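Please read it alongside the sequence and the coordinates.

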Amino acid sequence: MSGNILASNPYNRLRAIKDRLASIAVTLGGIGVIVAILLIFIYLFYVVLPLFKPAEVVDRGQWDLRATGVSLMSVDEQNEVLFLMKHNGDATFIRLADQKVLKSLPAPVPARFSVESTSNPDWLLTVTRDGGLLIAHQVYKQRFDAQGKRTIEPHLETPFGDTPLEVLDSAQEIVQAAWAMNEDEASVALLGKDQRLHYIRLNISENMFTEELELEQEQWTLPGRFETAAIQSLQISLDGRWLYVIDHDGEILPWDMSAPENPTQNNRVHLPGQAGVTSSRMLLGGVSLLVGADNGRIYQLFPVRTRGNDYQLQLIRDFPGLDDAVVGIYPEQRRKGFVAVSQRGQAALYNATADRLVRRFDVQEDAIQAITLPPRADAFYLLNAQGRLHGWQVHNEHPEISWSALWEKVWYEGYDQPEWVWQSSASNNDFEPKFSLTPLAFGTLKGALYAMIFAIPLAIMGAIFTAHFMAPGMRKSVKPIIEIMEALPTVILGFLAGLWFAPWVEHHLSSIFGLLILLPVGVLLFAWLWQYMPDRWRDRGQAGWQGLVLIPVIVVLVGLAVGLGDEMQNWFFGGDFRRWLTQEMGVSYDQRNALVVGFAMGFAVIPTIFTIAEDAIFSVPKALSSGSLALGASPWQTLMRVVLPTASPGIFSALMIGFGRAVGETMIVLMATGNTPVMDLSAFSGFRTLSANIAVEMPESELYSTHYRVLFLAALVLFLFTFLVNTAAETVRQRLRNKYSSL
Amino acid sequence: MVNPMRQWWRQGEPWIWLNAAAVAVCVLMILGLLMLISARGMSHFWPRPVLQVEYQQRDGGTVRFLGEVTDREQVPAQILRDNGEAVPEDVLQVERLLLKTGNRKLTGKDFNWLLEPRIMAVDMPADAMVVERHEWGNFYGFLLDILQDGQRQHLQGEALTEALKAKVELAQTLYEQIKHIEKVEIGGINYEMERLRLKKRRHELDGTLTSEVLQQLAEEKKVLDARYAELEKARNVLLEKSNHDALLFRTADGREVTLPTKVVVRYYQPNTMGFGQKVRHYFVKLWEFVSDEPREANTEGGIFPAIFGTVIMVIIMSIIVTPFGVVAAVYLREYAHQGLLVRIIRIAVNNLAGVPSIVYGVFGLGFFVYAIGGTIDQLFFPEALPAPTFGTGGLLWASLTLALLTLPVVIVSTEEGLSRIPKAIREGSLALGATKAETLWRTVLPMASPAMMTGMILAVARAAGEVAPLMLVGVVKLAPTLPLDGNAPFLHLDRKFMHLGFHIYDVGFQSPNVEAARPLVYATAFLLVVVIVALNLLAIYIRNRLRERYRSLEQH
């Protein structure tokens, strides 16, 4: 109809077009805004998702290098240059792109074999035929020419000279060796054919005049004889303290070399189920020993401190996934991950901390000369017995993350037992990141819990009084005050809590507890006495002005509690309740603790709960309460039997929304707790919440790193949690509203 | 006969009283908090007397302190005894006071805790002087003389006061001039230079770096260099001028100290100030606080950049959030089909108000800063890379993040306003032949405009106090330049800025000298609270008037 009128002349047609355009614009705008809101959820999810994607391994092809007799292989950071070292000590650098030999370095002295250093595979130790040692270091220099094209110049340096170190007295044949190189010393373990195990420490010092590096060696021989044929390998920890002698039959013997002149043999460990050892390696950091067994499992072990303050080698976890004997293990150089290859050509990527098999793939090789992972662990290379190199590309961005790493107790290196720990970064790069969200989630719930303990009674009782008993005149001024309370920025609450309230509480702890008792008792006493007031006064109290009447009373009670509390401190607790707590009761006390947060965050959620609960109670149809009162019930009885049961869903949703707010609150917890991710329920200790953790660590986290994504995961968890709680609460409220309107 | 106590109890009277007590406690808490902040925040600028304290040290010797009492507290005697203090057995609590003694450059600390029993004598010397400095905090001492080029002038009494005034005024004028040259003029040249560098790099990237371009750039640079050299010379002359005069002081412990006049911000002798002078001093300090830049790692001076940053961020945010919020509300209320979907959307929008603000910050950082900002940098500012332009937190991203955060506030408030407009008005308009758009534009929206206002005010109040998301998307503790200045394009959306709320967090918790910063944090908090309470009261007022108007409309 209106369409006809509008179409009748050009002006009206224009109006019609405008109308249509407005309709389209508003619809688009409205939907756009709603989509934008949805985008938050989608984007968070999009960032988090790669954490849970499995790794990808892509075959890059094979190259026939005809290299035989190879004992060591490695690849540079850019995946461009391959390094091969033969048993006889000859070294070659080969460009991977065209298999051209870039540099060929014949051994300065005929060699028997070479080993990589624990956790520092760039450092090589060559054992010469006549029992000497030669240390070499792979260096890859990048050079840019005029066009900005990059070339890599590989080099094998011998920082301590080309002459082998003479370590053993006689020209003794060495059959096994292990060594660990760190900044100021190297530790070497050598097993001679005479079944003797030698331990050598090389102290590195710089000559003050020539600036050349010098080695100073000390040497010890371990007691007893070692059956050379029975020993699968030797491994040594990065600090040189632990020397592991690993037998083929699954027995691992740790030697404590902290006092090398007096080496002590620690507890012997047998692999479970009669498994035999087929390979072994130290994990990044040189603390964990990885042992590959003939049953296809890899076992992780490290020394654990016992009660008596000595160490015991302990089996920490094992990694299944391969079907037959593990013949090669190679650790990543920047993460606690490794790759393992089985006898029949299966390979698997693992992450030790996350206890996770990241990816399994077939290499289809059964005789292996050498395997390696480049420093970035973005590829994997295998040299088979025929001298054919096989390469794979690896996309393995976030192996550190698994369900157990995020939520379960994990036995980290250097810990006495499995624990929940959040410690995302440290200064050294062989650090084991600890991404357990459990202590943070615990802290979040703990903070919310203490806030609710403080807020629920005040908010609900306050709401009941305001909605049901309060005089309208007073209600008019109370409601804006509560609204102001809700609007107060949390940064101000947090600042007051941290800088003013926390020190105050520390000095007046007994007053706080005194107040909890004194306040209700005092109010009740006053109420009882009120009855005997002159009638004129008393009626005011009856008419819903009790709240106002009580204000001076409460001021007096608070003053009394503070004064009495201080006196009590003086008489019973030696003047300081907090000191008495820590010294006599053994309770640890942080100045910024859950109690303080409870008050401050309680303060922040009271108005939220109050407003919604008050609304629910106030909107209970008057017919209900009037009916009850008409039947002779007292106002209190009406409230308890009629009003509250009707309004209870609304009150419940108020609590949920308040809880949701407490869970997500950031500034208060950031400022009023010490932000240490500890897990205990004590009111006197601090904690760290998910939100505060994001605020603290997000600015420093590297874009798209695992840490970054885990922080996004924390945000997503917060988002989902509050969204679900709020939606549930909102649905309950909607239902309630419908119920009221039908009543 | 019924026991009156029992009847009283059974009627629920005590419970009602307890409930009333809960309301009273809530009201008292909020009032107490507001009073605490106002008292602490407002008292900071009032000049306090300077005390000279004779203090007995533990080894028996005495020292003399000069300073202001900033705090007092009771210490349990037992703690002091444990620390080896001789306290009589019958004493339970010992009072100690915190004296702000300043002179950090000399003694290494600004504050001293003094135990009451060990204070031998206190007096208020009339000639004790407080000097506020550009660096190293306050100085407390007695003025002895004025030095000119290191020579004592042997001035006394009135002459000394006059000379002091003249010299300090001269130094302050010079300081202002130097600051102007350094900040505004040289700052402008640096900005131009950086633009030239980027221009050159841009040409380099585009492959259009011809010799003409190079020459042109070189010429422009030459002009700038010449201007720079000129300015630097002018500055050096001023600097040289400001180096002549110095003040000779005696500190409380008898040392003679020379202060160049150029470090002096303000000096006063609080012990001889009359009430009027104190009031004047108070307002001068207050004005400095709101209009000046911070000094001393934000622990002194003013907070103008923080106020400015907050205001400009809030303005940009309102410009973004209001139209979108209103459009979304109009869509939900007027255009969308009122079915299940709209109900779900409404619930979702309501709930977004309850999503933790830090989540918005994380989203803003990931999506706006890294994803969109990074792309903008690559497309439009490749010359500045690897230094990010929009690929790092800044004003625009902070405003957008907060706009998203406050969107639900505006939507909910506008929707409420729309829903309260009586149906009759819409129908009347439609019946007279207006189209839906015309009805909306001419009758519905004007009537709902106070509701939109309310929504916007609430959004502004929320944004002004929000800190957590801003920490991730562009707020810094000290911004070298304001986001709005005299260099084209004048409004720099990519710049980082300061914010009142973050200022409170940073100075209160990250500052190396929290004790010295505390009064200023209270003052900042007070300012923020005043702004937010005022905005909220305004919103409440508008809303109440609006409700009354609708009520009267419905009755007609």
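For the helix packing described here, axes are lines fitted to C-alpha atoms over the stretch in contact, and angles run from 0 to 180 degrees between N-to-C directions. The model is predicted, and everything below should be read with that in mind.

## Helix packing in chain B

With that convention, helix α8 (residues 304–335) of chain B packs against α11(B) at an angle of about 40 degrees, the two axes being 6 Å apart. The crossing of α8(B) and α11(B) is right-handed, and the residues of their contact divide into 20 nonpolar, 6 polar and 3 charged.

Helix α11 (residues 395–420) of chain B also packs with helix α10 (residues 357–380) of chain B, where the axes come within 9 Å and cross at roughly 135 degrees. This angle makes α10(B) oblique to α11(B), and α10(B) passes α11(B) in a right-handed crossing. On the α10(B) side the contact involves Ser357(B), Tyr360(B), Gly361(B), Gly364(B), Phe368(B), Val369(B) and Gly373(B), while α11(B) contributes Trp397(B), Leu400(B), Thr401(B), Leu404(B) and Leu405(B). By class, the residues of this contact of α10(B) with α11(B) are 7 nonpolar and 5 polar, with no charged residue.

## Domains and the contact between chains

The domain assignment divides chain A into domain 1 (58–423) and domain 2 (444–742), and for chain B the assignment gives domain 1 (51–127), domain 2 (144–291) and domain 3 (305–555). Taken over C-alpha atoms, the centres of domain 1 and domain 2 of chain A are separated by 58 Å, and those of domain 1 and domain 3 of chain B by 50 Å. Within chain A, 5 residues of domain 1 are in contact with 5 residues of domain 2, and the domain 1 side of that contact has 3 nonpolar, 1 polar and 1 charged residues.

Between the chains, 86 residues of chain A are in contact with 81 residues of chain B. Helix α2 (residues 10–48) of chain A supplies the largest share of the chain A side, with 18 residues. The residues on that side of chain A divide into 56 nonpolar, 23 polar and 7 charged.

## Sheets and strand pairs

Strands of a sheet pair through backbone hydrogen bonds, in either a parallel or an antiparallel sense. In chain A, an open sheet of 4 strands has the order β2-β3-β4-β5, with antiparallel pairing. Its edges are β2 (70–75) and β5 (101–105) of chain A, each with a single partner strand, so one side of each is left without a neighbour in the sheet. Neighbouring strands of this sheet are turned by 15 degrees against each other on average, direction ignored.

Another open sheet of chain A, also built from 4 strands with antiparallel pairing, runs in the order β24-β25-β26-β27. Here β24 (326–331) and β27 (356–362) of chain A stand at the edges, and because each has a single partner strand, one side of each has no neighbour in the sheet. The twist in this sheet averages 20 degrees from one strand to the next.

| Strand | Partner strand | Bridges |
|---|---|---|
| β24(A) | β25(A), residues 337–342 | 5 bridges |
| β4(A), residues 91–95 | β5(A) | 4 bridges |
| β1(B), residues 51–56 | β2(B), residues 62–76 | 6 bridges |
| β2(B) | β3(B), residues 93–100 | 8 bridges |

Tyr330(A) has Val339(A) in β25(A) as its bridge partner, and Ile94(A) stands opposite Val101(A) in β5(A). In chain B, the bridge partner of Glu54(B) is Arg64(B) in β2(B), while Glu73(B) stands opposite Arg96(B) in β3(B). The hairpin of β1(B) and β2(B) has 5 residues between the strands, and in that hairpin Gly60(B) takes a positive phi near 100 degrees.

Terms used:
Residues are numbered from 1 along each chain as its sequence is written. Chains are lettered from A and ligands numbered from 1 in the order in which they are written. This is a predicted model: local features need pLDDT of at least 70, side-chain atom pairs count only at pLDDT 80 or more; totals for chains, interfaces and linings use all residues. Helices (H or I, at least four residues) and strands (E, at least two) are DSSP runs, numbered from the N terminus. Angles under 35 degrees count as roughly parallel, over 145 as roughly antiparallel, 65 to 115 as roughly perpendicular and the rest as oblique. A crossing is left-handed if the near helix is turned anticlockwise from the far one by less than a right angle, and right-handed if clockwise. Two residues are in contact if their C-beta atoms, placed from the backbone, lie within 7 Å. Ala, Val, Leu, Ile, Met, Phe, Trp, Tyr, Cys and Pro count as nonpolar, Asp, Glu, Lys and Arg as charged, and the others, Gly among them, as polar. Two strands pair if DSSP finds at least two bridges between them. Domain bounds come from an automatic or database domain assignment.
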